[in-house]
Amino acid sequence: MSSLIGFSSLCFSSIISIIILIPNSITNIKIKSFLFLFRCSTLFVCISFLSLVFAYVSSDFSNFNVFQNSHSDKPLIYKITGAWGNHEGSILLWLSMISIYGFFYSLISKSLNDFKILVLKIQSSLFVIFAMFVIFTSNPFLVNSILVKEGLGLNPILQDPALAIHPPMLYLGYVGFSLVFSLAIASLLRNNNDQDWIIETRRWSMISWVFLTAGIALGSYWAYYELGWGGWWFWDPVENISLMPWITGLALVHSLIMIKGEQAIEKWVVFLAILCFSLSILGTFLVRSGILTSVHSFASDASRGLFILLIFFLTTGFGFLVFLIKSPTKKNKLHLLFINKTSALIINNILMIIAVLTILLGTIYPIIIEVLTNTRVSIGGPYFNSTVLPILLPGFLLMSVAPVLSWQTNKLQKFRIYVIFFIILSAIVSIQSYFTNFNTWGFIGLIIGSWIITASIISIFLRFKFSLSLHYVKIINSFIAHIGVGIMIIGITCSSIYQTEYNFNISVGDEINIDNGVLKFESIDITEEKNYQSLRAYFLLEKEGKLISYIKPGRNYYPVSKMITTEAGIYHDWSKDIYITLGNNNNNIWFVKIYINPLISFIWIGVFIMIFSSIIAIIKK
Amino acid sequence: MKKVTLLLPLILLITVCLFFLLFILFEKDPNNPPSVLLNKNLPLFSSVNLYNDKEYLASEDLKDKYTLINFFASWCAPCKAEHNLFFEIKKEIPDLFIFGISYKDKPSDSKKYLKQEGNPYSFVGVDQEGKIAFEFGVFGLPETYIINNKGKIIFKHAGALTKKIIDDEITKLF
């Protein structure tokens, strides 16, 4: 029943969206009824998605998708999240979001009616294209041809709270750029000179970017404690393709600030807006077609791949074509000086786009090579570390002072104070690296990170009088965001470069001296949980005779899918994580891997600050 | 000049899409991605005997003979489909060492399965956590590899073997 409701409301919603697309000269619809139709379409697609969720919750195995991906033993929360834990459901979620973004735009936007209708029409066309994709290649409402009592279960590695909300967050980010895309295209087609659309683009690109940031952070946090590889970023293709729209979105958000001072980069903003959404679709294409192999093992199907490739080509091609034909022709000169705000922002924009191209090259290079020479190569961390990081370095340096630069002059106020602090800071970091083991990247990372933080703090104190109010937070907001980045850079540097790894073969009762403390292997415990069997090793961490904490690494066994997942045991401390994974057991001797990850919490703190400051920026206006 | 820069994204887009298209169309069989291991040395591993947990078989032990490695499990239906073919291979190529690896399977289940279906393997190894399979880059069950007497992988097949594959490809190797 729910399948029927779901499918018919999906069809209704698509039909309404097609009706909306008929030119106004034929239908003569008034704005009120236009908006009503659009919102009806949103309502129907939401009903469609909710009926899929309902089918999952009620374990309705007459639905083929539920049968394949769910199991009645699963906890309720994972039944719900199971709805988007598979290809069909997740594309339906993507589709609903396109419509929901349009819905909220229609509510919030204060643009002229003509422009609003145009934006919503473009949004509807995107909706129709993706709806066709769902209906013809990825229908989640197919009825199961045989009568079954039990489902096949969800991939147990996905049964995790962080991962339950990771895909929706990521999708909110990706799909949010569809609205930015619609706004940009509408502004090109309209060819008007008013700047309203820029303010709206600013808001929506910021919102999408925040969701994308949260989605990526959740994903890497999940990878950190679930995959048991001791790290949180692996330059996996799926990670790379989420990073590309993220960096482009970052460039877009920054370019939009520039519009305040300059008019001439409208062209660039439009280009970035188109690029953001294209990269989002490209990501979906690469993941969903199964072209790239990665830790994200999704079901793949060539016809789906072709369809998404077509969507990607049409949407991006259309975007670039409109851009080519109707690109803004305003000829205001940019106010470029040796070092003013505009030039700093432009340099950073260029660097970010080069970084995106580098990542893109690394990600699709294996495909190009396989087509040309029929050999399979894989490109991993070393390529990205040695190309992307050096590209971003000068950007980070500029970033530290960019907010204090002036729009109109070359002067940096109180330049001397910055120099003095920079020298002091360099001395401190040099001494620090002299006494610990020196590492070039570690040195650079620490200097840049701490310099960004210090420079931002100096700027806050020099330029704004402190007051305890929201207004104060709003004006120092850009500095807060940059402090977040600085903290994150320190976290990344320390946790990756100063990470230490120990391997032990130990049995119950053994003690290990580690990191000025004693780690005691107390016991092994096997328990039956609702849908899995859990094996946990209990490690007791003691320092100077005092009990600090229990660390419980282990493994879960999921009988339905016969899969074993690693569960890392992590002891969090503000200064470091002690990260333990449990390996094989051989005659009661366990193989144990221990990582000490210094300052890894800084990464999450930094991301949190960045998100916080972006939210402030969204509500600022 | 201006127009050329504006054209650049379009040109780039078309090139990239073309490569993707070629990739999708030329992918002969999405179930059989070319193994990076083909013509490479056998990965290092060591596996315990299903029937005797004191006896091990390591990759070094396979260096001087032709070996067929087959990943299977009691829970895998296509494995059952190809199972009988191993008896035929054994008959046709008596010198071949057939090494079965039970992948992510309970030892008791594997034993039961081999009792029911018969045991064509010269040695049955256990890979309960999929570590050996990981070394081989196993995509799904069943998967079969053949290693020559110099320790090089000369054949790989993902999915159930068929009589045709054995006649057309495997027997030709000997």
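**Briefing: confidence, domains and strands in a predicted complex**

Among the elements of chain B, strand β3 (residues 67-72) of chain B has the highest mean pLDDT, 89. Helix α5 (residues 163-170) of chain B has the lowest, 78. This is a predicted model. For the complex, the predictor gives an ipTM of 0.74 and a pTM of 0.79.

**Confidence in chain B**

- The average pLDDT of chain B is 79. A score of at least 70 is reached by 89% of its residues.
- Where pLDDT is low, predicted coordinates should not be read in detail.

**Strands of chain B**

- How much of strand β4 (residues 97-103) of chain B is buried? Six of its seven residues are, so β4 of chain B is largely enclosed by the rest of the structure.
- β3(B) and β4(B) run parallel, joined by six bridges. Across this pairing, F71(B) stands opposite I101(B) in β4(B).
- β4(B) also pairs with strand β5 (residues 123-127) of chain B. That pairing is parallel too, over five bridges. Here F99(B) stands opposite F123(B) in β5(B).
- In a regular strand, side chains alternate between the two faces of the sheet.

**Domains of chain A**

- Chain A is divided into domain 1 (1-159), domain 2 (392-496 + 602-607) and domain 3 (500-600).
- The centres of domain 2 of chain A and domain 3 of chain A, taken over C-alpha atoms, are 37 Å apart.
- Domain 2 of chain A gives six residues to the contact, and domain 3 of chain A gives four residues.
- Which elements give two or more residues to the side of domain 2 of chain A that touches domain 3 of chain A? They are α18 (477-497) and α19 (601-619) of chain A.
- α18(A) supplies the largest share of that side, four residues.
- That side of domain 2 of chain A has four nonpolar residues, two polar and no charged.

**A helix of chain A**

- Helix α8 (residues 161-190) of chain A has 30 residues. From first C-alpha to last, α8(A) reaches 44 Å, close to the 44 Å expected at 1.5 Å a residue.
- Is α8(A) mostly covered or mostly uncovered? α8(A) is mostly covered, with 23 of its 30 residues buried.

Terms used
Residues are numbered from 1 along each chain as its sequence is written. Chains are lettered from A and ligands numbered from 1 in the order in which they are written. This is a predicted model: local features need pLDDT of at least 70, side-chain atom pairs count only at pLDDT 80 or more; totals for chains, interfaces and linings use all residues. pLDDT is the predictor's confidence in each residue, from 0 to 100. Domain bounds come from an automatic or database domain assignment. Two residues are in contact if their C-beta atoms, placed from the backbone, lie within 7 Å. Ala, Val, Leu, Ile, Met, Phe, Trp, Tyr, Cys and Pro count as nonpolar, Asp, Glu, Lys and Arg as charged, and the others, Gly among them, as polar. The expected span of a helix is 1.5 Å times one less than its number of residues. A residue is buried if 20 or more other C-beta atoms lie within 10 Å of its own, exposed if 12 or fewer, and partly exposed in between; C-beta atoms are placed from the backbone. Two strands pair if DSSP finds at least two bridges between them.
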